[in-house]
Amino acid sequence: MLTQTQIDEALAKLNKLTDSPWTQVDTSLHKQFRFSDFSAAFGFMARVALLAEKANHHPDWSNVYNRVNITLTTHEAGGLTHKDFDLANAIEQLS
């Protein structure tokens, strides 16, 4: 599990990639993505699913029409790890 200082540094680095920042919520990373319509949102989810499966690290997420909410945490570690930030960075490359 990462220390709060490591989380703060990784979050700052991650958020340099985007105008819509990831936030820390308790022991997880969270972000809402918005798309033009349901098809675009669902296509994004399909691409993220392939990344998550390859990394063997799966998000908690939901989809309502054109919005996709993603929450990342490493449950077995009880908080945030490099796996969460690695997947968040990969997700940013898709969006």
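Biologist: In what order do the elements of the chain run from the N terminus on?

Modeller: Helices (H or I, at least four residues) and strands (E, at least two) are DSSP runs, numbered from the N terminus. The chain has three helices and four strands. From the N terminus on, its elements run α-β-β-α-β-β-α.

Biologist: And where do these coordinates come from?

Modeller: This is a predicted model, where local features need pLDDT of at least 70 and side-chain atom pairs count only at pLDDT 80 or more, while totals for chains, interfaces and linings use all residues. Residues are numbered from 1 along each chain as its sequence is written, and side-chain values use heavy atoms, with hydrogens and water left out.

Biologist: What is the strand order in the sheet?

Modeller: Two strands pair if DSSP finds at least two bridges between them. The pairing here is antiparallel, and strand 1 (23–25) and strand 3 (60–64) are the edge strands, each pairing on one side only. The four strands form an open sheet in the order 1-2-4-3.

Biologist: Which residue in strand 4 is the bridge partner of K31?

Modeller: Strand 2 (residues 28–34) pairs with strand 4 (residues 67–72) in the antiparallel sense, over six bridges. The bridge partner of K31 in strand 4 is I70.

Biologist: How are helix 1 and helix 3 oriented to each other, parallel or antiparallel?

Modeller: Axes are lines fitted to C-alpha atoms, for helices over the stretch in contact, and angles run from 0 to 180 degrees between N-to-C directions. The axes of helix 1 (residues 4–15) and helix 3 (residues 82–94) come within 11 Å and cross at roughly 10°. Angles under 35 degrees count as roughly parallel, over 145 as roughly antiparallel, 65 to 115 as roughly perpendicular and the rest as oblique. So helix 1 and helix 3 are roughly parallel.

Biologist: Which residues of helix 3 make the contact with helix 2?

Modeller: The axes of helix 2 and helix 3 come within 10 Å and cross at roughly 145°. Contact means heavy atoms within 4.5 Å. On the helix 2 side the contact is made by F44, R47, V48, L51 and A52. On the helix 3 side it is made by L87, A90, I91 and L94.
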